[in-house]
Structure formats: C-alpha cells, structure tokens
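Student: Could you show me how to read salt bridges in a model, beginning with the general idea and then turning to the case at hand?

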Amino acid sequence: MRIPRQYFIVIFMVFLMFSTQNANAYSAADKSLRGLAGMTTGVLEIPGNMVKESQAQGPAVGIPMGLAIGLGMTVTRTLVGVYEFLSAPFPLPAGFRPILKPEYPWDYFK
C-alpha cells in the first residue's frame with residue numbers, strides 16, 4: 001500500500017502551524033519532527049561521525065573511528081526517533097528537550 005505524497009505535505013503543514021513558540025523553547029511539534037527525522041535519516045550518523053572524529057583526531061583515526069561510532073549511533077538515532085515520535089504529545093524530557101546531541105543528524109555538517 002502506497003501513501004500519497006499529499007498526505008505527507010498536509011502533515012508537515014500541520015506541524016508547521018503548531019510550531020509557533022519562542023526561539024529557546026521546544027514544543028510537541030518540534031519533538032515529533034525530531035522523531036520523524038531520526039527515524040528516516042539516522043543513517044546520516046555514519047558520515048556525520050566520520051567528519052566529527054576526523055576534525056578532532058585527524059582523518060587516519062577519525063574515519064574508521066567515526067564509522068564505528070556512526071554505525072552504533074544509527075541504531076540509537078532511529079530508536080530515539082521512534083520514541084520521540086510516539087511520545088511527542090508528552091513533555092518528556094521536561095520542556096520537550098532533545099535527547100540526543102546534535103538535535104538533528106544533519107547538524108554534524110554545519
């Protein structure tokens with residue numbers, strides 16, 4: 001069964017409508033978007049950790065170390081994404097704060 005792309009667009013627009021808050025606060029919409037991002041783009045942990053470790057320790061150590069860390073974090077990011085998506089209506093942790101740092105997997109590349 002294939003879900004039409006229009007449904008995803010409508011869901012995204014609903015999340016945007018409910019995401020009005022001040023710059024330092026998180027909301028249920030933020031948490032659900034983080035969860036959706038974690039479930040779908042967790043594989044970005046691999047190149048992200050390779051970049052992070054290479055910058056910290058040099059490419060000779062950083063690339064293999066980042067690969068190993070990234071493989072483990074891919075599973076972690078995906079499972080945390082499922083948790084955040086399913087528990088989005090509930091303020092756990094307090095204030096809808098992110099569980100993982102960086103908040104989104106593509107934040108490694110900023």
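Student: Are Arg34 and Glu84 buried or exposed?

Tutor: Some conventions come before the answer: this is a predicted model, in which local features need pLDDT of at least 70 and side-chain atom pairs count only at pLDDT 80 or more, while totals for chains, interfaces and linings use all residues. Residues are numbered from 1 along each chain as its sequence is written, and side-chain values use heavy atoms, with hydrogens and water left out. Buried means under 20% relative accessible area, exposed over 50%, and partly exposed in between, with a 1.4 Å probe and protein chains only; by that rule, Arg34 and Glu84 are both buried.

Student: How many salt bridges does the structure hold?

Tutor: A salt bridge is a side-chain nitrogen of Lys or Arg within 4 Å of a carboxyl oxygen of Asp or Glu, and the structure holds four of them. In one of these, Arg34 pairs with Glu84, their closest N and O atoms lying 3.3 Å apart. Arg34 belongs to helix α2 (residues 28-41) and Glu84 to helix α4 (residues 59-86), so this pair ties together parts that are 50 residues apart in sequence; helices here are DSSP runs of H or I, at least four residues, numbered from the N terminus.

Student: Which residue forms a salt bridge with Glu45?

Tutor: Arg77 does, with the closest N and O atoms 2.6 Å apart. This pair links distant parts of the chain, Glu45 being in helix α3 (residues 45-57) and Arg77 in helix α4, 32 residues apart, and both Glu45 and Arg77 are buried.

Student: Which residues are linked in a network of salt bridges?

Tutor: Arg34, Glu84 and Glu103 are linked in this way.

Conventions. Helix = DSSP H or I, 4+ residues; strand = E, 2+ residues; numbered from the N terminus.
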